[in-house]
Amino acid sequence: MKKRIIMVSFSIILLLIIILFTIIYFNKNNVVNLKVESNNLLQVLDINEVIIAELVQNELKEEISEDSSILNSNNNTTNNNLHSNSINQVQNNNYYQTISQKIESKMNSMSLREKIGQMLVISYSGTNYTQNLDNILKQVKPGGFILFADNISTYSNTKEFISKIKNSESIPITIGIDQEGGRVQRIKQLPDANVLSIPDMYSLGKTNNSSLAYNFGKVIAEELSAFGINLDYAPVIDIFSNPNNTVIGTRAFGNTAENVINMSIPLAKGLKEHGIIPVYKHFPGHGDTNTDSHVELPVINKTKEELYQREFLPFKAAINNNADIIMVAHIALPNVTGNYIPSSLSYDIVTGILRNEMGYNGVGVTDAVNMKALTDNYSIDEIYKLCINAGVDIILMPLNPVEAVNIIENLVNNGSIPKYRIDESVRRILKMKYSNNLEGLKTNGKEKIGTQEHINIIDQVK
């Protein structure tokens with residue numbers, strides 16, 4: 001009997017040990033529950049408590065030790081991630097701090113005339129880098145140069161022309177062009193380069209294919225970059241809502257804000273990610289005008305509320321997507337401003353709405369100031385004074401660049417233009433240039449022009 005009792009007790013102990021190890025095995029992630037369950041078993045059986053408790057205690061120690069190791073490992077991983085994030089944050093801060101330091105260092109070394117030069121984008125007729133052009137560049141030190149068809153002859157000559165302009169400047173210069181597609185593209189087929197003809201944006205917009213729009217931006221960017229160009233006065237983000245509008249028409253992506261946004265933002269991204277700064281145009285919206293600002297002053301009679309519901313929407317989308325440059329058009333909005341001052345010269349439009357209400361902190365550029373919408377209604381002095389005081393940063397195509405510097409310098413010196421406005425604009429311009437790394441931007445070679453990949457992309461739009 002005694003032996004049977006011993007055997008039964010031994011069996012119970014063995015069974016208990018098996019149960020305990022089973023509990024331990026299935027409760028590795030919950031040490032507290034393990035301890036509670038083991039204590040309950042001991043109380044029920046009430047045998048060999050000390051022996052079994054020691055077994056459980058030792059097992060618990062191992063589990064706790066293992067959990068502690070895991071916890072320490074997780075803490076180390078978390079600390080490493082935090083450290084890595086901190087390093088990235090520091091690097092980002094250093095990056096922006098470096099740009100800020102470069103801007104301030106350059107600002108401190110520039111004369112007033114040099115700052116004014118940065119606010120001008122000039123043009124020049126001819127395909128060769130002449131002594132006259134060299135003299136203008138040295139006197140003006142412009143922030144940018146815009147190319148037209150009469151600057152382009154062959155690939156090799158155009159690339160050399162652009163290279164000499166770039167080398168004439170100590171501050172990186174923007175080399176821009178209107179390469180929208182359709183009827184507005186300055187570079188087409190050349191004798192020594194198969195530059196692709198880009199379909200108009202209205203045809204592209206009909207596809208409603210944002211990925212295709214991005215690839216169109218890539219094609220345009222890679223072909224422009226092969227010449228040394230770094231800026232495109234595109235995309236047009238006006239809404240083609242007036243069939244009598246002759247200046248925009250098929251230059252627009254469509255006749256709804258949604259369509260324009262869905263196509264223009266990806267195209268601009270394709271441009272920028274392949275080395276070309278996009279310029280969104282023409283704020284506050286040129287799609288519902290009856291006249292062409294090249295010829296006379298267009299007037300839009302909509303209220304501000306109406307503009308916010310339609311025309312402003314693509315520009316707000318551009319701002320939300322970190323637009324570097326927005327072009328301001330010569331359009332009057334009498335029901336917004338109470339006068340017929342063109343938007344490009346209007347403080348209420350540029351600073352009041354575009355900057356303060358819509359939150360735009362980037363560079364503002366006028367449409368070309370040689371257009372009759374301005375020159376038929378204002379003197380040159382008035383144009384420069386009004387557009388700078390309005391909050392615009394870059395004056396596009398002054399009629400006489402050297403004279404423009406002299407006029408603006410006099411306007412600053414006599415108090416008509418506050419000096420802080422010049423500094424404010426030049427800081428924005430330098431930030432745009434340095435943040436886009438214009439000084440170190442690599443250009444493509446001729447092999448990127450007219451590739452089969454580009455042809456396949458373009459052929460998707462008929």
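The lining of the second largest pocket divides into 10 nonpolar, 5 polar and 7 charged residues (Ala, Val, Leu, Ile, Met, Phe, Trp, Tyr, Cys and Pro count as nonpolar, Asp, Glu, Lys and Arg as charged, and the others, Gly among them, as polar). The model is a predicted one, in which local features need pLDDT of at least 70 and side-chain atom pairs count only at pLDDT 80 or more, while totals for chains, interfaces and linings use all residues. Residues are numbered from 1 along each chain as its sequence is written, and side-chain values use heavy atoms, with hydrogens and water left out.

The 22 residues that line this second largest pocket include Asp-178, Arg-186, His-294, Asp-367 and Met-371, which lie nearest its centre. The volume of the second largest pocket is about 300 Å³. Grid points are joined across faces, edges and corners, and a volume is the space filled by probe spheres set on the points.

The largest cavity contains about 60 Å³, and its lining divides into 8 nonpolar residues, 1 polar and 1 charged. Helix H8 (residues 210–225) supplies the largest share of that lining, 4 residues; helices (H or I, at least four residues) and strands (E, at least two) are DSSP runs, numbered from the N terminus. Among the residues lining the largest cavity are Gln-179, Ile-187, Glu-223 and Phe-227.

The aromatic side chains come next. Rings of Phe, Tyr and Trp (its six-membered ring) pair if their centres lie within 6.5 Å, with planes under 30 degrees apart counted as stacked, over 60 as edge-to-face and the rest as tilted. By this rule there are 6 aromatic pairs. Phe-145 and Phe-161 are edge-to-face because their ring centres are 6.0 Å apart and their planes stand at 75°. This pair links distant parts of the chain, 16 residues apart, with Phe-145 in strand E2 (residues 144–147) and Phe-161 in helix H6 (residues 155–167). Phe-145 is buried at a relative accessible area of 0%, and Phe-161 is buried at 2% (buried means under 20% relative accessible area, exposed over 50%, partly exposed in between, with a 1.4 Å probe and protein chains only).

Phe-283 and Phe-315 also form an edge-to-face pair, at 5.2 Å centre to centre and 85° between the planes. Phe-283 lies in strand E7 (residues 277–283) and Phe-315 in helix H11 (residues 312–320), so the pair ties together parts 32 residues apart in sequence. Phe-283 is buried, at 0% relative accessible area, and Phe-315 counts as buried at 0% too. Together with Tyr-308 and Phe-312, Phe-283 and Phe-315 form one aromatic cluster.

Finally, Cys-387 is found in helix H15 (residues 380–390) and counts as buried at 0% relative accessibility. Leaving aside residues up to four places away in sequence, Cys-387 touches Ser-344, Leu-345, Thr-366, Val-392 and Ile-395, where contact means heavy atoms within 4.5 Å.

Notes:
1 Å grid on protein atoms, 1.4 Å probe; cavity = no way out; pocket = protein on both sides within 12 Å on 5 of 7 lines; lining within 4 Å.
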